[in-house]
Amino acid sequence: MSTATDSQQPSQTHYRICPLCEACCGLEVQTRSGQVIAIRGAEQDVFSQGYLCPKGVSLKDLHEDPDRLRQPLIKRDGQFVEASWDEALAEVERRLLPIIQAQGGDAVAAVVGNPSAHKVSLLSYFPRVVKALGTRNVFSASTLDQMPKQLSSGLMYGHWLSIPVPDIERCDWLLMLGANPAVSNGSLWTVPDYRGKAKAMRARGGRIVVVDPRRSETAQAADEHLPIKPGGDVFLLLGLVHTLFDEALVKPGRLAEHLNGLEALREAVKPYAPERMAAGCGIGAETMRRLARELAAAEHAAVYGRIGTCTQRFGTLNSWLIDVLNILTGHMDAPGGMMFPKAAAFAANTLGKPGSGRGIVTGRRKSRVSGAPEVFGELPITLLAEEIETAGPGQVKALICLAANPVLSAPNGPRIARALDSLEFMLSMDIYLNETSRHADVILPGLSPLEDLHYDVAFPQLSFRNHARFSPPVFERAADQPEEWETLLRLAAMIEGRDWRGDMNVLDDAAIAVDVARLAGEHAAAVLQALKPLRGPERLVDLALRSGPYGDRFGLNPQGLTLAKVRAAPGGIDLGALQPRIPELLRTPSGRIELAPELLLADLAAVDGALQRPADELLVIGRRDVRSGNSWMHNLPILAKGPERCTLLLHPADAAARGLSDGAQASLRNSFGELTVSVRVSDEMMPGVVSLPHGWGHNLKGARLSLAAERPGANLNALLDDATRDPLSGNAVLSGVAVELCAI
Ligand SMILES: Nc1nc2c(c(=O)[nH]1)N[C@H]1C(S)=C(S)[C@@H](COP(=O)(O)OP(=O)(O)OC[C@H]3O[C@@H](n4cnc5c(=O)[nH]c(N)nc54)[C@H](O)[C@@H]3O)O[C@H]1N2
Ligand SMILES: Nc1nc2c(c(=O)[nH]1)N[C@H]1C(S)=C(S)[C@@H](COP(=O)(O)OP(=O)(O)OC[C@H]3O[C@@H](n4cnc5c(=O)[nH]c(N)nc54)[C@H](O)[C@@H]3O)O[C@H]1N2
Ligand code: SF4
Ligand SMILES: [Mo]
């Protein structure tokens, strides 16, 4: 509450990059007397130019949420009690170290969740804990999300994060599959204000086609919507690639001399004529052939696919075929097509020798129980429960969970919950006592985003335009509250048997010295000197910026970037429109784009077997809402208000067949479980497909989310099978799962 004296105090305006989704908007946070009084989009932000969504505004509610943890918790006799940081870390040492000593690092699993991708403090420091453990049992949200795209990119271009994005400001024909950026604000494509950019594209005569089982918000604002059978994208994409060869539309242009495997690809797609593929996707052969011709004829065109195309049995094939379409039609690495960003810092595809490299491999390790291959250092998160449950050497006995809520976010969440209860020890680093952290023995809380500095490590590698931006904390944190990178460095030291209680600066200096030695070799001492007096993530960012592609190279390029320059620029520094990067970007051993990797061609053998599905199946897909952020933002008043959002959408014909009307309660079930859901009838849905958002089900005992518990919703993931995966990437299947629905 503001008092008369408060309102006479001057207000301050702070620049802050939003950490809540991939759009990375610059915000203006206005404060007075330590309180947030307003949050707006920062007009001067060179990248987001004033855009924001309701979640950006919710940073105030998040900062003030009484349920947000500010003190460590230790579970004693089944009850959480507040503890000091020293006590909590001592408890971790007492409980965790004996497990490692007796059973080795593999006995400890690490689970990393989505918010880690948005925080330099987590993304750049958690790997040090994983390395200290030396565990193969690393799981993350990546295998619920984008691992297929990372794998196809790695195989084709030589690095997991060389992922192209639509150059939307110069594009005039865009085909989008399984993405709803009008609501999600973009993914593997950092594009604040997608709606505005799509509108501008259409105003200049451009055309947008959306492939989605639901007439999504993005489809509603497009020129054409093509409903597709869930899981059917591989048939559509194969039909399109086939047509390009069949109708002599293959014209890779400038990239022709940088391709390997064109003939192998031509042979491989011969069996997949659109006329045969139509049954698998529900899109007619004539439509497929027309799309292929439009794509080939457009001067500036792009094909973009996102989570709907990844969370399927053929996620990796889909991700590959999408890039193949762009390459074959001359739209890859071309202005107005799909292009590769060049990030100012942290991008592996800007390091080392340009043009070729070691490429990627998978399966260097296998999961103990199912033998699933490691991909990008991780195992499929759908295998977490079995690794905990199955006795034998290497069994997971302890878990470190960082910013993840797998009980709600991963398939068969109830099984994961039971497995977590059987652990000998669990540490959660989280800002809430929620559905997953309630299982922990110790919870160490992170900061409010307004107390944290921000530099995006991952998203400039996926941005529609190149940029470098930094924001300092808005508020000071409490004196005894460490930043999360500090906690992670202490944990790593603890596990390695080093002095973890001592001076933070000693641990920090030791950590950066390793990075500097790797980057600067014989110049390491001089570089360390130049980075003074920065510490922690700021020193890491300065190092990455200065040694990056636009950097000052510690004096060799005096005009170049430093953290000080980026920090001093209001709204960040614009580094221009995307530029062609092939062949410089490539890190494949051949120095070419691999169009027909063996691993992918081999998986084609399974496609025919999936072509026919029972005609009368009812399939469930997911949905995102503007006022949600996966599983953890339902406790914030500004997002929780308004109509109920965890509703089951279904087509009028499917509703009528079951005697269901708008607002009715219904039972949604399969062999995994049963949910009670509220029904919303809408012809947005294609017949035979229903949609329920994920991240709900806040009625589990022991969580402390008072507002979310008032309207808990139902956990979609309680019905999803943890045994179905894309075997190549290990990604979970989250879309197109068979269910039954009836009135109750
Ligand atoms: N059925 C279905 N399931 C899905 C999806 C789907 O489309 N359908 N989508 C999947 C996708 S794409 C993703 S990315 C995953 C996400 O799933 P998770 O990776 O589990 O992430 P969230 O559900 O967002 O939960 C994030 C956790 O981090 C905590 N947290 C938030 N901020 C911080 C912080 O600053 N520090 C710390 N230490 N903790 C913090 C929150 O309290 C919460 O516990 O869900 C997946 N699950
Ligand atoms: N407001 C909000 N924004 C978010 C999030 C959130 O929870 N809420 N989560 C963030 C995260 S972690 C991510 S990864 C991104 C994801 O960002 P997007 O990839 O844009 O994800 P969605 O909005 O789920 O859109 C996926 C679309 O795929 C469709 N779909 C489902 N199955 C299929 C299929 O088999 N084939 C095809 N072609 N389409 C299908 C769905 O109907 C949906 O419209 O969003 C991020 N942004
Ligand atoms: S679009 Fe994403 S980054 Fe922008 S304000 Fe909303 S949540 Fe934050
Ligand atoms: Mo995600």
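**Figure 1. Domains 2 and 3 of the predicted model, viewed by their C-alpha centres.** The C-alpha centres of domain 2 and domain 3 are 39 Å apart in this predicted model. Domain 2 covers residues 155-338, and domain 3 covers 503-571. The assignment also gives domain 1 (1-57) and domain 4 (614-743).

**Figure 2. The shell of ligand 2 draws on domain 2 and domain 4.** In total, 30 residues surround ligand 2. The closest are Ser 184, Asp 212, Asp 233, Asp 625 and Ser 735. By class, the shell holds 10 nonpolar, 13 polar and seven charged residues. Two helices, H8 (181-184) and H15 (307-310), each contribute at least two residues. H8 gives the most, with three residues.

**Figure 3. Polar contacts of ligand 2 with Ile 307, Gln 312 and Asn 630.** Each contact shown here involves an oxygen atom of ligand 2. For Gln 312, an N or O atom of the side chain lies 3.1 Å away. For Asn 630, a polar backbone atom sits at 2.7 Å. How much of ligand 2 does the protein cover? On its own, ligand 2 has 920 Å² of accessible area, and the protein covers 95% of that.

**Figure 4. The residues around ligand 1.** The shell has 28 residues. Asn 405, Ser 409, Asp 430, Asn 434 and Ser 631 come nearest to the ligand. Sorted by class, 14 residues of the shell are nonpolar, nine are polar and five are charged.

**Figure 5. Polar contacts of ligand 1 with Lys 119, Met 429 and Asn 434.** A polar atom in the side chain of Lys 119 is 2.7 Å from an oxygen atom of ligand 1. Asn 434 also uses its side chain: one of its N or O atoms lies 2.7 Å from an oxygen atom of the ligand. Met 429 contributes a polar backbone atom, 3.0 Å from a nitrogen atom of ligand 1. The protein covers 97% of the 920 Å² of accessible area that ligand 1 has on its own.

**Figure 6. Ala 440, a buried loop residue.** Ala 440 lies between strand S16 (425-429) and strand S17 (442-444).

**Figure 7. Leu 488 in helix H20.** Helix H20 spans residues 484-495. Leu 488 is buried because its relative accessible area is 0%, under the 20% cut-off. The C-alpha atoms of Leu 488 and Asp 65 are separated by 24 Å. These two residues lie 423 positions apart along the chain.

**Figure 8. Two cis peptide bonds, each ending in a proline.** Most peptide bonds are trans. The bond joining Lys 532 and Pro 533 is cis, with omega about 0°. Pro 533 sits in the loop between helix H22 (524-530) and helix H23 (536-547). A cis bond also joins Ile 582 and Pro 583, where omega is about 15°. Pro 583 belongs to the loop between strand S19 (573-577) and strand S20 (593-594).

**Figure 9. Positive phi at Ser 33 and Phe 346.** Most residues other than glycine have a negative phi. Ser 33 is not a glycine, yet its phi is about 50°. Ser 33 lies in the loop between strand S2 (26-32) and strand S3 (35-41). Its relative accessibility is 39%, so Ser 33 counts as partly exposed. Phe 346 has a positive phi of about 75°. The loop that holds Phe 346 runs between strand S14 (338-339) and helix H17 (384-389). Phe 346 is partly exposed, at 26% relative accessibility.

**Figure 10. Buried cysteines Cys 18 and Cys 53.** Cys 18 has a relative accessible area of 9%, so it is buried. Cys 53 is buried as well, at 12%. How many disulfides does the whole structure contain? The search finds zero.

Note on methods:
Residues numbered from 1 in each chain as written. Chains lettered and ligands numbered in written order. Predicted model: local features only at pLDDT ≥ 70, side-chain atom pairs only at ≥ 80, totals over all residues. Heavy atoms only, no water. Near = heavy atom within 4 Å. Polar contact = N/O pair within 3.5 Å; in protein donor to acceptor, adjacent residues only side chain to side chain. Areas by Shrake-Rupley, 256 points an atom, 1.4 Å probe, with all protein chains shown as cover. Nonpolar A, V, L, I, M, F, W, Y, C, P; charged D, E, K, R; others polar. Disulfide = S-S within 2.5 Å. Buried < 20%, exposed > 50% of the residue type's maximum accessible area, 1.4 Å probe, protein only. Domains from an automatic or database assignment. Helix = DSSP H or I, 4+ residues; strand = E, 2+ residues; numbered from the N terminus.
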